[in-house]
Amino acid sequence: MDAVEENIRNRRSIRKYSDKEIPDEYVDKLLRAAMQAAGSRMGSEPWEFIVVKDKDTIKKLSELDSNTKPLKTATLAIVSIANMERVHYERVWQQDMAAASENLLLEAANLGLGAVWLGIAPVEERMNKIREIFNLKGESLRPFNIISLGYPAEGLENKFVDKYDETRVHYETY
């Protein structure tokens with residue numbers, strides 16, 4: 001198995017972390033991986049990211065609702081924001097953001113980090129809370145998700161779990 005395949009197979013959603021800090025060079029690698037994602041058309045790359053290390057802000061994010069509770073033990077959060085001024089097709093901005101987010105998650109696993117995608121969009125209440133916390137003005141900046149990150153708590157490391165189910169594969173027709 002090559003390194004890419006192994007990384008894809010081993011990545012898990014990790015929701016509990018140790019208190020070990022993530023080095024800045026890892027943050028740079030995570031963001032570079034996210035920004036390598038393909039946009040939907042003609043350089044349409046709407047992503048922007050807010051890197052959050054401040055414990056008080058991470059705590060505030062963890063209290064948005066039950067969806068964001070994994071942030072309680074995170075040492076880092078990355079908030080993904082779609083800048084609608086850079087979107088070519090407005091109906092597919094979430095697909096562009098999802099591609100960037102998955103790249104970030106795969107790089108996190110590659111670096112030995114635990115991470116989980118915490119959905120924000122399309123729930124307007126969540127999106128508005130993120131706008132408020134980060135003072136995002138106007139409708140052109142749309143919060144998409146929060147990636148909760150940290151070194152996995154003991155026993156929760158990224159590891160292979162076979163999820164393949166041949167009954168879900170269809171050839172030529174359903």
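Buried means under 20% relative accessible area, exposed over 50%, and partly exposed in between (1.4 Å probe, protein chains only). Helices (H or I, at least four residues) and strands (E, at least two) are DSSP runs, numbered from the N terminus. This is a predicted model: local features need pLDDT of at least 70, side-chain atom pairs count only at pLDDT 80 or more, and totals for chains, interfaces and linings use all residues. Residues are numbered from 1 along each chain as its sequence is written, and side-chain values use heavy atoms, leaving out hydrogens and water.

Start with helix H3, residues 55–62. Its buried residues are Thr57, Ile58, Leu61 and Ser62. They span an arc of only 140° around the axis, so they sit on the same side of H3. That arc is taken from the directions from the helix axis to the C-beta atoms. Their cover includes strands E1 (47–52), E2 (76–83) and E4 (141–150), and helix H5 (124–133).

Rings of Phe, Tyr and Trp (its six-membered ring) pair if their centres lie within 6.5 Å; planes under 30 degrees apart are stacked, over 60 edge-to-face, and the rest tilted. The count is 2 aromatic pairs. Tryptophan 93 and phenylalanine 144 are edge-to-face, 6.0 Å centre to centre with 75° between the planes. Tryptophan 117 is partly exposed, at 32% relative accessibility.

Conventions:
Contact = heavy atoms within 4.5 Å.
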